[in-house]
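Hello,

Here is the structure I promised to pass on. Have a look at it first, and then read on for what turned up in it.

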Amino acid sequence: MTNERMPAAADADALDAPDTLVEHIERVLTTLPEQDLTLHDIVEAVGPDSLMLLTIFLSLIFLVPVSIPGVSTAFGLAIVLIGLTRTFQRKPWLPQRIARRRLAAAPLRAGLQRATVWLHRIDRLSRPHRWPWLSSHGPATLCNNLALVFAGLLLMMPFGLIPFSNTLPALAVIFLSAGMMQRDGLALLLGYAAVCLTLLYFALLITAGGATLMEVWQWMG
């Protein structure tokens, strides 16, 4: 993948989407390799032009309690890079070290299949062209792309073993991506709300962790 400038209609991926997000995701699942797979395989299966569908797909695994080492770092970085390429209207690019990292296909596929149950529920909330001014070109588009980048960074935070630490930013990515794909302002607002909830949750975790360390320090002293 090169670093050339994207066409002005960077959101054309919405035009190529199937009737529902779930239908496309389930179709992608059937094309993934049976053995170990890479992020490059997932990009090829989803399609390099369907960037928002790709971010949704990469976030699904975090909606279920499946722990696969290195997934949040690799997938979170990919989401950050996709958000940046949209922001600067560039073609998608992934470092080869990340794109070629091998992941266990069996638990990943199983987790994604279970997560489609949640995607069905999310899909029912989304409506195309609802409050389109929140997804129009200009400042709104810039804010939405930067929010997607920020949600990807939150997904990479080292709290993976703590419940909901990956789920909340993954929900933010899914709602933001669905909102940008379908020009759905309500989905975008839900994405921003999920970002705020993630920040609040992480602040509570850090505060609780700091208080615990202080108590241990005082007990040892």
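A quick word on terms before anything else: helices here are DSSP runs of H or I with at least four residues, numbered from the N terminus. By that count, Thr141 lies in helix 7. Please keep in mind that this is a predicted model.

Since we have started with Thr141, let me finish with that residue. Its relative accessibility is 14%, and because buried means under 20%, Thr141 counts as buried. Leaving aside residues up to four places away in sequence, Thr141 touches Ser135 and Ser136.

Next, the charged pairs. How many salt bridges does a search of the whole structure find? The search finds one. Asp184 forms a salt bridge with Arg130, and the closest N and O atoms are 2.8 Å apart. This pair links distant parts of the chain, 54 residues apart: Asp184 sits in the loop between helix 8 (167-182) and helix 9 (185-220), while Arg130 sits in the loop between helix 6 and helix 7. Is Asp184 buried or exposed? Asp184 is buried, since its relative accessible area is 0%.

The loop between helix 6 (105-125) and helix 7 (139-155) also holds Trp131. At 40% relative accessibility, Trp131 counts as partly exposed. Together with Trp133 and Leu189, Trp131 makes a nonpolar surface patch of about 360 Å².

Now for the inside. The largest nonpolar core has 60 residues, and those with the most contacts inside it are Ile42, Phe57 and Phe75. Helix 8 gives the largest share of this core, with nine residues.

Finally, something from the records. An unreviewed UniProt entry carries the annotation "transmembrane region" for residues 51-84, 161-179 and 186-211. Residues 161-179 are 68% helix and 0% strand, with end C-alpha atoms 29 Å apart. Residues 186-211 are 100% helix and 0% strand, and the end C-alpha atoms of that span lie 37 Å apart.

Happy browsing, and write back with any questions.

Best wishes

How values were computed:
Residues numbered from 1 in each chain as written. Predicted model: local features only at pLDDT ≥ 70, side-chain atom pairs only at ≥ 80, totals over all residues. Heavy atoms only, no water. Patch = residues over 30% accessible without salt bridge, like charges linked within 9 Å, V, L, I, M, F, W, Y side chains within 5 Å. Areas by Shrake-Rupley, 256 points an atom, 1.4 Å probe, with all protein chains shown as cover. Salt bridge = Lys/Arg side-chain N within 4 Å of Asp/Glu carboxyl O. Helix = DSSP H or I, 4+ residues; strand = E, 2+ residues; numbered from the N terminus. Buried < 20%, exposed > 50% of the residue type's maximum accessible area, 1.4 Å probe, protein only. UniProt positions renumbered as here; feature names shortened; annotations may be inferred. Core = buried A, V, L, I, M, F, W, Y, C linked by side-chain atoms within 4.5 Å. Contact = heavy atoms within 4.5 Å.
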